[in-house]
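Subject: Structure handover

Hello,

Here is the structure I said I would pass on. Please have it open while you read the notes below.

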Amino acid sequence: MKKIKVVHIVPMLAPGGAETLAVHIVRGLNRERYEVAVVSLRKWPGCDLERLLVEHGARVSYLGKRPGFDFRMYYRVNKVLRTLRPDIIHTHLHVLRYALPSMLSFKHAAKVHTVHNLAEREAEPGTRWIQRYAFNHGVVAVAVSDEVAISLERLYGVRDCRMIANCIPTDRYASPQTSRRVWRAREGFRDDDVLFVCVARFAPQKNHSLLLEAFAQGPASNPNAHLALVGEGALRGQLELQSRNLGLATQVHFLGLRTDIPDVLGAMDVFVLSSDYEGSPLSVIEAMASGLPIVSTAAGGVPALFETGKEGFLVHTGDVKGLSDALELLLRDSGSRKSLGIAAAHRAKKNFDVSTMVRAYEELYESPVGRLRGQNLSRTFPEPVKPTEEDLVRSGDQWGT
C-alpha cells in the first residue's frame, strides 16, 4: 500500500510548545501508513527536536530564512513542496504568510493549519487577512482548545472548528531518567527544599513579573522555598534585575533552556504558570504527567486542563495575591501537594496521552486523503532541500518573522 505523504511546516525547530507538538504528531503517526517530512524555515542551533525527528526517520529540511520579512521564502517553500510532493500539508504558527501561495497551488493536497494560541494572538492585525483567506479557501483550521476554537469563530467566522487537544507522551514524564535526589544534589538543592517551577519562555505573554511578585509576597519568607525558571527570552535580563530588587537572588534560579525537562519536573514540588493568555500550554500537561500539582492563571484553555481543587488551583489572570496565596498554601501543606499531584498524573494519563491526539489527527488526515484515490502517489520522499552554508549563517538570528 502506498504511503500517505505528510509535510509539517514550522517557523523553526525551536524548544517551544507548538514546535514540540508538531514533533509529537510526526513521531506518533503510523509509520506503515504515513511518510512524514518536516520543513523548518529557520534553524535553531542545539535543539534536540531535530535529533528526535531523525531518530524517527523523518526527513528535515531547513530553508535558511533571514531575520524579518524574507521574500525568498516564497520560492523556497514552493521548491521544497514540489520536491516532496505531499498529499497533506500541515502548517503551524505564522508560516501561512509564506506557505499559503504554494499550498493553494497543490490542488489535490489536503491542507491543515493548527492554531496554537488565541486567534487574536497568532497573527498581527496587518497579516490576519492571510489566515482569513486560507480558512475560506480549503485550509482546515484545527484548534488546540475550545477557547481557541471560539476565538477562530470570533475573528474569522470559522464555524464548527475541529478541536484536537494538545497531548504529550505521558510515560516519558512519569518516568524521568534521573532520580529526584540525584538531580537535586547535582543542581545544589536540598531534599527538604520546596521547589516551585515554571517552564516558559521569557516573553510578555507569560508574565513572569507577576510570578516573581507573588513568590516574594508569600513563599519567599521561607528560606527553604525556591523558584526555578526554565527557559530563555528577551526579558531574561529584566527579570533577573527584578528578582534581585525583590531580594530573591538566592531563591530564584534561572536554569536556561533544558533538554532534560522530565528530569527537571521530576525533581520539583509544584508547577506554576502566570500567563496573561494561552492556547493550551504543553508545559502544564507535562507537569501534570510528572505528578506535580498545578497553580496557574485561568488563561485561555488552561481551565480545561485541570480542575481547581482537584489537581491544583486556578486564579484570575493578573491576580498577584491569589497566585501568592495558592503557592503559600502548597508550600505549607505537603499532603495536598502529594494528593493533588497524584490526581494530576492520573488525569494527564487518561486525557492527554499523545496516542489520543495522534489518532485524532490520523482521522483528520484520512478524511480528505480518501478523495485522492487514483492519484499516482510515490512511495518515498525525494531527498530534502538542504540549505547552503551561507543560508545557515544568515539564519543565526533566532527570532523575527
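Predicted model: local features only at pLDDT ≥ 70, side-chain atom pairs only at ≥ 80, totals over all residues.

Aromatic pairs

There are ten aromatic pairs in the structure. One of them is formed by Tyr-34 and Tyr-365, an edge-to-face pair with 6.0 Å centre to centre and 65° between the planes. Tyr-34 belongs to strand 2 (residues 34-42) and Tyr-365 to helix 16 (residues 354-369), so this pair ties together parts that are 331 residues apart in sequence. Tyr-34 is buried, at a relative accessible area of 5%, and Tyr-365 is buried as well, at 0%.

Phe-69 and Tyr-98 make a pair of another kind: the ring centres are 5.8 Å apart and the planes are at 25°, so the pair counts as stacked. Phe-69 is in the loop between strand 3 (59-62) and helix 3 (72-84), while Tyr-98 is in helix 4 (residues 96-105), so the parts tied together here are 29 residues apart in sequence. Is each partner buried or exposed? Phe-69 is exposed because its relative accessibility is 57%, where the cut-off is over 50%. Tyr-98 has 0% relative accessibility and is therefore buried. Ring pairs also link Phe-69 and Tyr-98 with Phe-71 and Tyr-74 into a cluster.

A charge over a ring

Arg-121 and Tyr-277 are worth a look on screen. The charged end of Arg-121 sits over the ring of Tyr-277, at 3.9 Å from the ring centre.

Salt bridges

The structure holds 25 salt bridges. I picked out these:

- Arg-51 and Glu-55 meet through their side chains at 2.9 Å, N to O. Both are in helix 2 (residues 49-56), four residues apart, which is about one turn of the helix. Arg-51 is partly exposed, with a relative accessible area of 42%, whereas Glu-55 counts as exposed at 51%.
- Arg-72 forms a salt bridge with Asp-70, with 2.7 Å between the closest N and O atoms. Both of these residues are buried.
- Lys-349 and Asp-171 are joined by a salt bridge of 2.8 Å, N to O. Lys-349 lies in helix 15 (residues 334-351) and Asp-171 in helix 8 (residues 170-174), so the pair ties together parts that are 178 residues apart in sequence. Lys-349 is partly exposed at 43% relative accessibility, and Asp-171 is partly exposed at 49%.

Surroundings of Val-142

The last item is a single residue. Val-142 is in strand 6 (residues 139-143) and is buried, with a relative accessible area of 0%. Which residues does Val-142 touch, not counting those up to four places away in sequence? Its contacts are Val-112, His-113, Thr-114, Val-115, Cys-161, Arg-162, Ile-164, Tyr-361 and Leu-364. Met-163 is 21 residues from Val-142 in sequence, and the two are 5.6 Å apart in space, C-alpha to C-alpha.

Regards

Conventions:
Residues numbered from 1 in each chain as written. Heavy atoms only, no water. Helix = DSSP H or I, 4+ residues; strand = E, 2+ residues; numbered from the N terminus. Buried < 20%, exposed > 50% of the residue type's maximum accessible area, 1.4 Å probe, protein only. Contact = heavy atoms within 4.5 Å. Phe/Tyr/Trp six-rings, centres within 6.5 Å; stacked < 30°, edge-to-face > 60°. Lys NZ or Arg CZ within 6 Å of the ring centre and 35° of its normal. Salt bridge = Lys/Arg side-chain N within 4 Å of Asp/Glu carboxyl O.
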